Amino acid sequence: MITDPIADFLTRIRNANMAKHKMVEVPASKMKLAIANILFEQGYIVNYKFEDGVKPTLKIALKYHPKTKMPAISTISRVSKPGLRQYAGSEDLPRVMNGLGIAVVSTSNGIMTDKEARAQNIGGEIICYIS
(Lines give C-alpha, C1' and ligand atoms only; values in the text may rest on other atoms or scores of the structure.)
Protein backbone atom coordinates (compact mmCIF):
# COMPACT_ATOMS: atom_id res chain seq x y z
CA MET A 1 0.00 0.00 0.00
CA ILE A 2 1.30 3.45 -0.93
CA THR A 3 0.68 6.20 1.61
CA ASP A 4 1.67 9.06 -0.73
CA PRO A 5 0.87 8.28 -4.39
CA ILE A 6 2.14 11.66 -5.67
CA ALA A 7 5.54 11.15 -4.00
CA ASP A 8 5.65 7.67 -5.57
CA PHE A 9 4.82 9.19 -8.99
CA LEU A 10 7.60 11.80 -8.68
CA THR A 11 10.08 9.19 -7.44
CA ARG A 12 9.36 6.90 -10.40
CA ILE A 13 10.01 9.80 -12.79
CA ARG A 14 13.21 10.76 -10.91
CA ASN A 15 14.50 7.16 -10.92
CA ALA A 16 13.70 6.62 -14.60
CA ASN A 17 15.51 9.89 -15.42
CA MET A 18 18.61 8.81 -13.49
CA ALA A 19 18.57 5.39 -15.21
CA LYS A 20 18.13 7.10 -18.63
CA HIS A 21 14.88 5.25 -19.43
CA LYS A 22 12.87 6.51 -22.40
CA MET A 23 9.51 5.61 -20.87
CA VAL A 24 8.09 5.25 -17.38
CA GLU A 25 4.75 3.67 -16.49
CA VAL A 26 2.87 4.69 -13.34
CA PRO A 27 -0.60 3.97 -11.90
CA ALA A 28 -2.94 6.74 -13.06
CA SER A 29 -5.10 9.22 -11.16
CA LYS A 30 -6.63 12.58 -12.02
CA MET A 31 -3.94 14.50 -10.12
CA LYS A 32 -1.09 12.55 -11.73
CA LEU A 33 -2.66 13.17 -15.14
CA ALA A 34 -2.84 16.91 -14.41
CA ILE A 35 0.81 16.98 -13.27
CA ALA A 36 1.86 15.06 -16.40
CA ASN A 37 -0.05 17.60 -18.50
CA ILE A 38 1.85 20.46 -16.81
CA LEU A 39 5.17 18.65 -17.39
CA PHE A 40 4.25 18.28 -21.09
CA GLU A 41 3.12 21.91 -21.49
CA GLN A 42 6.30 23.21 -19.83
CA GLY A 43 8.53 21.01 -22.02
CA TYR A 44 9.90 18.67 -19.33
CA ILE A 45 8.59 15.48 -21.01
CA VAL A 46 8.12 14.46 -24.65
CA ASN A 47 4.58 13.10 -24.28
CA TYR A 48 2.24 11.15 -22.01
CA LYS A 49 -0.54 8.67 -22.63
CA PHE A 50 -3.43 7.59 -20.40
CA GLU A 51 -4.42 3.94 -20.76
CA ASP A 52 -7.75 2.97 -19.25
CA GLY A 53 -8.45 -0.55 -18.13
CA VAL A 54 -8.74 -2.65 -14.99
CA LYS A 55 -5.73 -0.77 -13.61
CA PRO A 56 -5.50 2.62 -15.36
CA THR A 57 -1.90 3.53 -16.17
CA LEU A 58 -0.07 6.63 -17.30
CA LYS A 59 2.85 6.19 -19.70
CA ILE A 60 5.30 9.09 -19.76
CA ALA A 61 7.98 9.55 -22.44
CA LEU A 62 10.94 11.29 -20.81
CA LYS A 63 12.89 14.05 -22.52
CA TYR A 64 16.68 14.22 -22.89
CA HIS A 65 19.06 16.67 -24.56
CA PRO A 66 19.88 15.29 -28.06
CA LYS A 67 23.68 15.70 -27.84
CA THR A 68 24.60 15.49 -24.15
CA LYS A 69 21.84 12.99 -23.21
CA MET A 70 21.18 14.98 -20.02
CA PRO A 71 17.58 14.73 -18.72
CA ALA A 72 15.28 17.75 -19.10
CA ILE A 73 14.23 17.35 -15.45
CA SER A 74 17.26 18.00 -13.26
CA THR A 75 15.40 18.04 -9.93
CA ILE A 76 11.88 17.02 -8.97
CA SER A 77 10.90 17.11 -5.31
CA ARG A 78 7.73 16.78 -3.25
CA VAL A 79 6.91 19.79 -1.05
CA SER A 80 3.50 19.25 0.55
CA LYS A 81 3.36 15.85 2.23
CA PRO A 82 0.36 14.09 3.82
CA GLY A 83 1.84 14.66 7.29
CA LEU A 84 2.67 18.34 6.70
CA ARG A 85 0.69 20.22 4.07
CA GLN A 86 2.27 23.37 2.61
CA TYR A 87 -0.06 26.18 1.56
CA ALA A 88 0.76 29.62 0.17
CA GLY A 89 -1.22 32.66 -0.87
CA SER A 90 -0.82 34.17 -4.33
CA GLU A 91 1.76 36.70 -3.09
CA ASP A 92 3.72 34.05 -1.15
CA LEU A 93 4.08 31.45 -3.94
CA PRO A 94 7.74 30.42 -4.26
CA ARG A 95 9.93 31.05 -7.28
CA VAL A 96 11.85 27.89 -8.18
CA MET A 97 15.43 28.61 -9.29
CA ASN A 98 14.54 32.32 -9.57
CA GLY A 99 11.89 31.59 -12.24
CA LEU A 100 13.78 28.94 -14.24
CA GLY A 101 11.85 26.07 -12.64
CA ILE A 102 8.19 25.62 -11.76
CA ALA A 103 6.18 24.88 -8.67
CA VAL A 104 3.04 22.79 -9.20
CA VAL A 105 0.18 24.24 -7.15
CA SER A 106 -3.22 22.71 -6.40
CA THR A 107 -5.73 25.58 -6.37
CA SER A 108 -9.49 25.94 -6.28
CA ASN A 109 -9.30 26.37 -10.08
CA GLY A 110 -7.37 23.12 -10.57
CA ILE A 111 -3.72 22.14 -10.71
CA MET A 112 -1.44 24.73 -12.32
CA THR A 113 2.05 26.22 -12.24
CA ASP A 114 3.07 28.93 -9.81
CA LYS A 115 3.21 31.47 -12.66
CA GLU A 116 -0.39 30.75 -13.71
CA ALA A 117 -1.55 30.94 -10.08
CA ARG A 118 0.19 34.32 -9.63
CA ALA A 119 -1.41 35.61 -12.84
CA GLN A 120 -4.87 34.53 -11.63
CA ASN A 121 -4.10 35.88 -8.13
CA ILE A 122 -4.96 32.62 -6.31
CA GLY A 123 -2.97 30.52 -3.85
CA GLY A 124 -3.16 26.89 -2.86
CA GLU A 125 -1.26 23.79 -1.83
CA ILE A 126 2.28 23.56 -3.22
CA ILE A 127 2.55 20.01 -4.58
CA CYS A 128 6.14 19.87 -5.92
CA TYR A 129 9.10 21.75 -7.38
CA ILE A 130 10.45 20.91 -10.83
CA SER A 131 13.55 22.31 -12.48
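Which residues of strand β1 (residues 23–27) lie on its covered face, and which on its uncovered one? The covered face of β1 holds V24 and V26, while M23, E25 and P27 make up the uncovered face. The model described here is predicted, so local features need pLDDT of at least 70 and side-chain atom pairs count only at pLDDT 80 or more, whereas totals for chains, interfaces and linings use all residues. Residues are numbered from 1 along each chain as its sequence is written, and side-chain values use heavy atoms, with hydrogens and water left out. Helices (H or I, at least four residues) and strands (E, at least two) are DSSP runs, numbered from the N terminus.

Strand pairing comes next, where two strands count as paired if DSSP finds at least two bridges between them. Strand β1 runs antiparallel to strand β3 (residues 57–62), and 5 bridges join the two. Within this pair, P27 stands opposite T57 of β3. Strand β3 also pairs in the antiparallel sense with strand β2 (residues 45–51), here over 6 bridges. In that pairing, T57 of β3 has E51 opposite. Strands β2 and β3 form a hairpin, with 5 residues between them.

Buried residues (under 20% relative accessible area, with exposed meaning over 50% and partly exposed in between, for a 1.4 Å probe and protein chains only) in α2 are K32, I35, A36, I38 and L39. These cover an arc of only 155° around the axis, which puts them on the same side of α2; the arc is that of the directions from the helix axis to the C-beta atoms. The face of α2 turned away from the buried side carries the exposed residues K30 and E41. As background, an α-helix has 3.6 residues a turn, so residues three or four places apart point the same way. Just after α2, G43 takes a positive phi of about 85°.

The interior can be described through nonpolar cores, each a set of buried Ala, Val, Leu, Ile, Met, Phe, Trp, Tyr and Cys residues joined through side-chain atoms within 4.5 Å. The largest nonpolar core has 24 residues, of which I13, I60 and I130 touch the most other members. At least two residues of this core come from each of α1 (5–18), β1, α2, β3, β6 (102–107) and β8 (124–130). Helix α1 gives the most to this core, with 5 residues. Apart from it lies another core, of 10 residues, with V79, L93, V96 and I122 among them. Leaving out residues up to four places away in sequence, I130 touches L39, Y44, I73, T75, I76, V96, G101, I102 and V104, where contact means heavy atoms within 4.5 Å.

N98 lies in the loop between β5 (87–88) and β6, and is exposed, with a relative accessible area of 71%. N121 lies in the loop between α3 (114–120) and β8; this residue is exposed too, with a relative accessible area of 57%.

Finally, the salt bridges: a search of the whole structure finds 6, each being a side-chain nitrogen of Lys or Arg within 4 Å of a carboxyl oxygen of Asp or Glu. One of them joins D4 to R78, the closest N and O atoms being 3.1 Å apart. This pair links distant parts of the chain, with D4 in the segment before α1 and R78 in strand β4 (residues 76–78), 74 residues apart. Both D4 and R78 are buried. In another, the side chains of E125 and R85 meet at 3.0 Å, N to O. Because E125 lies in strand β8 and R85 in the loop between β4 and β5, the pair ties together parts that are 40 residues apart in sequence. E125 is buried, with a relative accessible area of 12%, whereas R85 counts as partly exposed at 40%. E51 forms a salt bridge with K49, with 3.7 Å between the closest N and O atoms, and E51 is partly exposed, at 26% relative accessible area. A network of salt bridges links K49, E51 and K59.
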